[in-house]
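Student: I would like to go through this model by question and answer. Where shall we start?

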Amino acid sequence: MFEFENITFTDFTDHTAGAELCNENHQQESHAEREILLVLSGSINFVLAGKCFNASPGRAFFIDSWVPHQLGYGKLSGDITHIWVHLHARRLFAMPYMLSAGSRLQSSGMWEFPAPVLELINNRWAKASAAPAEMKKTFYRSIVRLLTEEIALQSSAFAEEKHREDDVIAWVKNYISMNYGRNSSLAELEHLTGFNRRHLMRKFRNECSMTIGEYINCVRRGFAAAAGRRLTQKEIAFQLGFKSPAAYWLWKKRDSE
C-alpha cells in the first residue's frame, strides 16, 4: 500500500517550464500517449523536452503527447520510488517502480482506473494547457490529488498479493503497451511478474485469444502508424526495441506478409 499522507505534491512541471538546457547524454522517447510521473522518494535528474530537472519527492511531471523525455534511469546513486501514470486512448493505468542502486527494475503492481477518470483528467489537462501559470498549477494539483486518492482507495481495498494471479495478464498487456513492445521478452516478463513463462503464455492465450508475441506486434503496429512522419525510422526502431532500422524493416516486411 502506498501512503501519500507524508508527501505533498507542490511542484508541477511540464515541457513549458524553465530550466537549464541539458547536456547530459540520456536516451529519450516520445509518443502519442500522455504520461504523468509522480516522485515519491529519492532524487534523480530527469530530462524533459531537452531540459534537466531535479526529480525529487513531491514533484509531478506532466508529459504531453510527443514531448521527448528521458527513457530509463541509468545508474542510480540511491533508492527511488516513482509512480508512472499512463493515459492511453481508452485506458488509464498507473504502475509503481522501486529501484535501488545497482538493481534491476522492480514493478509488479498496477492500478487501473475507470473511463470517467480518464476523461476528467484529459479535460483538466486541456484546460491547464490553455491557462496562465498560477491557474495551470491549480489544474495540475487537482489531477494529482484525484490520482493519489484513487490509488490510495484501491491500495486499501485490495491486497496486491491476493490479486496478482487474477491481474497478471492485465499487467502484462499494460506493461507491453507502455513500452511499445520494448523490453518485453518472455524472460523479462517472467522476471517482472514472478510467474513461469509457460504459465504466462498459456494464460495470456486463454484470456486474449492471441499469443504474447502477436499482442506485441499489434502494439508495435499502432505505434509505427501513430509516429508517421513525427519520428525518424531510427527513432521508431529504437522505441520499438529493435537493434537497428534494418531489423525494424525486416520485422515490418514479415509482419505484412
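Student: In which loop is Gly18 found?
Tutor: This is a predicted model, where local features need pLDDT of at least 70 and side-chain atom pairs count only at pLDDT 80 or more, while totals for chains, interfaces and linings use all residues. Residues are numbered from 1 along each chain as its sequence is written, and side-chain values use heavy atoms, with hydrogens and water left out. Strands (E, at least two residues) and helices (H or I, at least four) are DSSP runs, numbered from the N terminus. Gly18 is in the loop between strand S1 (11–13) and strand S2 (28–29).

Student: Is Gly18 buried or exposed?
Tutor: Buried means under 20% relative accessible area, exposed means over 50%, and partly exposed lies in between (1.4 Å probe, protein chains only). Gly18 has a relative accessible area of 71%, so Gly18 is exposed.

Student: Which residues touch the most other members of the largest nonpolar core?
Tutor: A nonpolar core is a set of buried Ala, Val, Leu, Ile, Met, Phe, Trp, Tyr and Cys residues joined through side-chain atoms within 4.5 Å. The largest has 48 residues. Those touching the most other members are Phe46, Phe61, Met95, Val172 and Tyr248.

Student: How many residues make up the second, separate core?
Tutor: Its members include Phe113, Leu118, Ala131 and Phe139. The count for this second core is 28 residues.

Student: Which residues is Val172 in contact with, leaving aside its neighbours within four places in sequence?
Tutor: Contact means heavy atoms within 4.5 Å. With those neighbours left aside, the partners of Val172 are Leu189, Thr193, Leu200 and Phe204.

Student: At what angle do H4 and helix H5 pack?
Tutor: Axes are lines fitted to C-alpha atoms, for helices over the stretch in contact, and angles run from 0 to 180 degrees between N-to-C directions. H5 covers residues 197–208, and the axes of H4 and H5 are 9 Å apart. Their packing angle is about 100°.

Student: How is H4 oriented relative to H5?
Tutor: Angles under 35 degrees count as roughly parallel, over 145 as roughly antiparallel, 65 to 115 as roughly perpendicular and the rest as oblique. The angle of about 100° therefore makes H4 and H5 roughly perpendicular.

Student: Which residues of H5 make the contact with H4?
Tutor: H4 contributes Leu186, Ala187, Leu189, Glu190 and Thr193. The residues from H5 are Arg197, Leu200 and Met201.

Student: How do the residues of the H4 contact with H5 divide?
Tutor: Ala, Val, Leu, Ile, Met, Phe, Trp, Tyr, Cys and Pro count as nonpolar, Asp, Glu, Lys and Arg as charged, and the others, Gly among them, as polar. On that scheme, the H4–H5 contact has five nonpolar, one polar and two charged.

Student: What is the angle at which helix H6 and helix H8 cross?
Tutor: H6 spans residues 212–227 and H8 spans residues 245–256. Their axes come within 12 Å. H6 and H8 are roughly perpendicular, crossing at roughly 110°.

Student: Which residues of H8 contact H6?
Tutor: On the H6 side are Asn217, Arg220, Arg221 and Ala224. The contact divides into three nonpolar, one polar and three charged residues. H8 supplies Tyr248, Trp251 and Asp255.

Student: Which residues does Phe242 touch, not counting those up to four places away in sequence?
Tutor: Phe242 sits in the loop between H7 and H8. Phe242 counts as buried, at 15% relative accessibility. Phe242 touches Arg220, Ala237, Ala247, Tyr248 and Trp251.

Student: What is the phi of Tyr180?
Tutor: Tyr180 lies in the loop between helix H3 (160–179) and helix H4 (186–193). Tyr180 is buried, at 4% relative accessibility. Most residues other than glycine have a negative phi. Tyr180 is not a glycine, yet its phi is positive, about 55°.

Student: What is the phi of Trp66?
Tutor: Trp66 is in the loop between strand S6 (59–63) and strand S7 (69–70). Trp66 is buried, with a relative accessible area of 16%. Trp66 is not a glycine either, and its positive phi is about 65°.

Student: What is the relative accessibility of Gln239?
Tutor: Gln239 is in helix H7 (residues 233–239). Leaving aside neighbours within four places in sequence, its contacts include Glu29, Asn179, Tyr180 and Phe223. Gln239 counts as buried, with a relative accessibility of 2%.
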